[in-house]
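Me: Hi! I've just opened this one and would like to talk it through with you. Could you start with the sheets?

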Amino acid sequence: MSTAVRPRIVLVEDDASLATAMRLGLERSGYDVAATPDGSAFGALVDEFRPDLALLDVSLPTGPNGFELARDFRGRTDAPLLFVTASDTLADRLAGFEVGADDYIVKPFALAELLARVSAILRRAGRLISPLIEVGDLVIDENRRSVVRDGKSIPLTPTEFGMLVTLARSPGRVFSKGQLLSQLWGFSDYDPNLVEVHMSALRRKVETDGPRLIHTERGRGYVLRP
Amino acid sequence: MSSALSSSRWLGGTELSRAERQGAVGVATAAIISVGAIDYATGPLLSLSIFYLVPVAWVSAVVGRRAGVAAAGLSGAAGLLSDVVLQPHYRHRAIATWNVALMVVSLLVVVELVERVRARALAAQAAERRGREFLAFAAHQLRTPLAGIRSTADALMLGPGNDPDEELLLAGMTREADRAGRLVSSLLRVARIDQHEEMPLRVADVGQMVHGEVGRVRITSPHLAWDEDTGRVPIALRCNPDAVGEALANLLDNARRHAQTRVVVRARASAQDVLIEVEDDGAGLPISVAESAFDRFVTLDGHGGTGLGLPITRGIAEAHGGDVCYTGAAFVIRLPRR
């Protein structure tokens with residue numbers, strides 16, 4: 001992400017491998033993460049780190065559970081919080097919303113889904129204000145989900161918009177089909193044709209009135225550059 | 001197995017509530033007294049003793065051994081009273097008394113035999129319940145490690161280097177973790193359907209539910225033509241929309257994996273029912289094996305299903321008082337409008 005200020009996320013997850021993977025995934029997607037395996041020093045961490053979002057595992061083997069941490073968090077900041085839970089029963093979901101959760105995500109989840117929810121919540125809470133992205137004569141406004149090229153607005157489907165934003169956040173970087181798949185679909189159905197179908201639709205819309213912006217690097221993937 | 005046991009509630013093998021037990025004892029007592037009264041009215045007929053057997057065996061099956069013994073005792077008292085005490089002209093009192101004693105002993109033997117069958121049925125039921133609880137627990141516990149595998153592969157995929165071979169391996173890892181995750185979710189769903197977990201109901205428009213689910217599957221399978229025909233008027237149905245959506249999603253997933261070029265989804269309503277049909281232009285199922293497609297863990301192809309989609313769809317439809325069938329061309333969910 002090209003923003004200078006990276007949104008901060010505090011993560012409480014007792015499973016070490018999952019915590020590491022979540023932390024790296026979030027960091028590689030432009031967030032600063034402070035992770036802790038239990039809630040023993042949670043209050044101090046929140047006060048010191050001043051997170052924009054909390055990611056809390058509901059069931060923690062030691063110390064206070066996620067619901068108790070949520071109440072504590074609510075008493076310290078108005079930043080949004082998201083539960084990570086292994087249970088998808090209605091009762092547990094409602095209990096989560098009762099203690100002030102903004103959303104929840106059920107294990108096992110795709111990183112793409114986690115990232116989508118995190119950015120949606122941060123945006124809603126006004127804690128993620130992305131600057132306009134400009135590539136050549138193309139202007140992308142993530143906050144308003146609009147794309148304008150040469151003064152003309154281009155209507156895109158959510159998938160096409162997501163694909164364009166992924167490319168545009170790192171202009172000049174080549175994204176393989178696999179990377180786009182994992183970013184946008186979370187590999188729920190691995191089919192490289194999926195990328196091709198949506199990519200050709202995106203190109204049709206974006207490149208009708210101007211020179212080529214999305215280039216195919218044979219055998220490597222796609223790259224956006226003027 | 002579970003349905004066979006639960007449908008036999010009043011034939012024994014299921015723990016009844018206190019009120020139900022008291023009711024059963026009352027019914028058996030009334031039946032025994034009636035048999036005693038008929039016994040007295042008809043005079044000493046040996047063959048009549050057989051009618052004491054029915055309430056005694058029944059009450060020991062549904063309530064237990066103590067109730068059975070009490071019922072046998074009551075039968076003996078009724079027999080003595082009607083055949084010996086209240087029949088002063090009967091000449092062979094000793095034989096009548098002996099007959100009643102013999103009857104009581106036979107009844108006690110029956111009570112004991114019934115008790116053995118009952119204990120076995122209760123033990124089987126408890127074992128089944130423990131099995132289901134274990135299934136739910138195990139599935140639940142698997143979720144965190146699966147999330148760990150899945151997120152690790154995803155995080156690696158976001159890394160700067162993108163060697164095509166590595167990516168293919170990571171994609172395989174994600175896909176397998178995903179499949180395991182779906183299987184775990186399905187197992188939990190099945191466990192919940194088996195436990196008859198209550199589903200909150202509200203009124204929803206079937207057309208919109210169809211539209212939502214088709215929209216979702218259209219994103220992952222844009223190469224197929226997805227036709228929706230839900231009529232012009234909204235179809236109001238009182239149901240659990242999440243569950244019905246899941247039932248439909250399973251059929252759509254099935255169609256997606258088997259269709260050649262197109263899938264048609266229709267929703268129709270009559271005064272009594274709502275029918276949701278999913279038809280694809282794939283090879284179809286031979287009607288002879290169609291029914292087994294609804295059995296758990298039956299996958300009739302190599303298309304990567306969990307073997308739980310259709311059983312879950314059927315379980316959800318049945319929880320709504322409806323059913324699912326295969327007509328030879330389409331899968332049809334029928335839901336009553338109540």
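Reply: Strands β7(A) and β8(A) run antiparallel and are joined by 4 bridges. Helices (H or I, at least four residues) and strands (E, at least two) are DSSP runs, numbered from the N terminus, and two strands pair if DSSP finds at least two bridges between them. Please keep in mind that this is a predicted model, where local features need pLDDT of at least 70 and side-chain atom pairs count only at pLDDT 80 or more, while totals for chains, interfaces and linings use all residues. Residues are numbered from 1 along each chain as its sequence is written, chains are lettered from A and ligands numbered from 1 in the order in which they are written, and side-chain values use heavy atoms, with hydrogens and water left out.

Me: Good. Which residue is the bridge partner of Leu138(A) in β8(A)?
Reply: Leu138(A) has Arg149(A) as its bridge partner there.

Me: How many bridges join β6(A) to β7(A)?
Reply: There are 3, and the strands run antiparallel. Glu134(A) stands opposite Val139(A) in β7(A). Their hairpin has 2 residues between the strands, and Gly136(A) takes a positive phi near 60 degrees in it.

Me: Switching to chain B. Which strands make up its open sheet, and in what order?
Reply: The order is β2-β4-β5-β7-β6 (chain B), 5 strands with mixed pairing. β2 (225–229) and β6 (323–326) of chain B are at the edges with a single partner strand each, so each has one side without a neighbour in the sheet. From one strand to the next, the twist averages 15 degrees.

Me: What about the pairs inside it?
Reply: Strand β4 (residues 262–269) of chain B runs antiparallel to strand β5 (residues 273–280) of chain B, with 7 bridges. Ala267(B) has Ile276(B) as its bridge partner in β5(B), and the hairpin of β4(B) and β5(B) has 3 residues between the strands. β5(B) also pairs with strand β7 (residues 330–336) of chain B, antiparallel over 7 bridges. There, Val278(B) has Phe331(B) as its bridge partner.

Me: Which strands does helix α8 (residues 241–258) of chain B lie across?
Reply: That helix lies across β2, β4, β5 and β7 of chain B, at about 20 degrees to β5(B).

Me: Now the interface. How many salt bridges does the rule find across chain A and chain B?
Reply: The rule finds 0 (a side-chain nitrogen of Lys or Arg within 4 Å of a carboxyl oxygen of Asp or Glu). Over all chains the count comes to 39. An example is Arg117(A) with Glu113(A), at 2.9 Å, N to O; both lie in helix α5 of chain A, 4 residues apart, about one turn of the helix.

Me: How many residues are in contact on each side?
Reply: 41 residues of chain A are in contact with 33 of chain B. The buried area is about 3,000 Å², with 57% from carbon and sulfur atoms; that is the accessible area (1.4 Å probe) that two parts lose on being put together, summed over both.

Technical notes
Contact = heavy atoms within 4.5 Å. Axes fitted to C-alpha atoms, helices over the stretch in contact; angles between N-to-C directions.
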